[in-house]
Amino acid sequence: MQTINQNAKTFAEKALARASGNASVSTGQIVDVTPDAVLSHDNTAAIWKLFKQLGVSNVKYPDRLRITLDHAAPAPATQHAQNHAEVRRFVAEQGIKHAFEVGRGICHQVLSEEALVLPGQTILGADSHTTHYGWMGAFGAGVGRSEVAALWATGELWLRVPEAMQIELTGKFRPGVTAKDFCLQLIGNLGADGGLYQSIEFCGQGVAQMSLNDRMTIPNMMAEFGAKNAYLPPDETVFAYLSARLAKRLGGTVENYLPQLQTQAIYADADAAYHSRHHFDLSAFEPMVAQPHRVDNVVPVSQLKGIRVHQAFIGTCTNGRLEDIAAACEVLRGKKVAAGTRLLIIPASSQVLREATTLGYIGDLLDAGAMIGIPSCGPCMGNHMGVPASGEVTISSANRNFKGRMGTRDSEIYLASPAVVAASALAGEICAP
Amino acid sequence: MYTGKCWKYGDDVNTDVLFPGKYTYNLPPSEFAKHALEDLDPDFAKQVKPGDIVVAGRNFGCGSSREQAAVCVKLSGVTVIIAKSFARIYFRNCVNNGVLPLVCPAAVDAITHGDTVSVDLEHNLIYVGERSFSFPSLSGSVKDIIDAGGLILMLRRKLGTEHLPMPEIKFSSE
């Protein structure tokens, strides 16, 4: 029988102890946390209205706010334009330093690129995919708009220290298999509520083997598993990525920032009281697809035959990064998208678009017949830039395939990795590369 | 005691069907109720009556953090939701808008769409016909917010700004 070490702590316990200024906290405890960063996006204007109802005139910690215009950007209609204008007024009035204009990219990608969240820190955001920051070993959780208004006014919010699930990863993905396939399979196996309320904490040498791109996909997708937050242990690759970006933004050399990042990183204790433990060998996975209208309705792509695709979409905070565009380019270079199928590629940020242009991917993709969109969330939640017609089938590298998600109730969305989406665009039906 | 007619739904009802994403940045709150549960049950918005109760299976409100998915239910006159479990952000959004999210799997199994049920908050009991089911108490932090009528109202009290006028939420283009 395993002995229980009372002093051993999960990542969530350690991170929330830090965020609440306590020496130690335990699972189930309710704590008032003071996050290092507070995220909002196009919903900033709506949050400002709630903030005004609080009767407070100034944001308590304006430098902790992180704002991007990304969800319906550039504005598809006058109402959205008015909304953006209000966000800009708020940013000017409150002196918000970390605000990013239309075209810079999707919040989670931009804040990662700008190193505006760091390992060991806590970020709360009015966005369900705030779990994303687990890629670097930060505690990220989504909250509602009223709660962000409360955070602006007081700097703090109550959280319950969640139960934690430990997932040990060993081995390495086979070529053509990605973290997206792993996540779809995991959610398919354990269900869309398999990680409900929990901190999903990964460990094992399989994490270190993974590219940063794959690592960013995992905590992002854990939102579809019901997770409160997710965590991957940060290593030298993570520290190098972030310190280079800190040096770029703040000046100085990479070496200036490395020690600080290493010191503030938090590591879970292996013998902590985990609610459940799982182990996966990454070499055992294959390309997967989530079928309409549930993220946990998953099958291997090899089992799908003859599903005609009208629209293929590569982008979003889940899979719109350079490696994702490279994977699509690999499949499509020198070939043509099938007649009757549209391929839409929206880089997750302006940096991704810049690098993909320099590396020639964008040119190759245009030659293959793809459309390239402005860095943003695009049609992911049905605002614009690729809303499907009734009866149409979309295959997408996004995270959600709920009925009506992309703006049209009677259309179907399949989810897959960028390579599978690209291969499906090429064939005009769902298939593996 | 709350007594109301039940609108019953299944597992994993997501916020996209409760309040479609295409409405998230361009609708004033006065329009929310009209679109409540639009892609789940088109009859809901047309027929729901104040005091009705929404009943659902596991993981109710999964997906997006959009608070309108809870606000639209509230503006439809529903202040109690009974589910087998709630997605965590949706649970918080309910509480913060003064909607009671009650977890009671046995009651959900016993309730049929259209039943009239009663909820006794003092004794944590849900009455379905002749049967009663108990549900766990809400935690202190949650109770405080519900009792105040929502997070904004609770904070106004805490911040000492209760006496200030409460601006109505309007759209700049209105």
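**Salt bridges and a helix pair**

Glu113(A) and Arg104(A) are both buried (under 20% relative accessible area; exposed is over 50%, partly exposed in between; 1.4 Å probe, protein chains only). The model is predicted, with local features needing pLDDT of at least 70, side-chain atom pairs counting only at pLDDT 80 or more, and totals for chains, interfaces and linings using all residues. Residues are numbered from 1 along each chain, chains are lettered from A in the order written, and side-chain values use heavy atoms, without hydrogens or water.

The side chains of Glu113(A) and Arg104(A) form a salt bridge, 2.9 Å from N to O. A salt bridge is a side-chain nitrogen of Lys or Arg within 4 Å of a carboxyl oxygen of Asp or Glu. Glu114(A) joins Arg104(A) and Glu113(A) in a network of salt bridges. Over all chains the count is 21 salt bridges.

Arg342(A) forms a salt bridge with Glu392(A), with the closest N and O atoms 2.7 Å apart. The two residues are 50 residues apart. Arg342(A) is partly exposed, because its relative accessibility is 30%. Glu392(A) counts as buried at 15%.

In chain B, the side chains of Arg66(B) and Asp16(B) meet in a salt bridge of 2.9 Å, N to O. Arg66(B) is buried at 7% relative accessibility. Asp16(B) is buried at 0%.

Ala179(A), Phe182(A) and Ile187(A) are among the residues of helix H6(A) that meet helix H8(A) (contact: heavy atoms within 4.5 Å; helices: DSSP runs of H or I, at least four residues, numbered from the N terminus).
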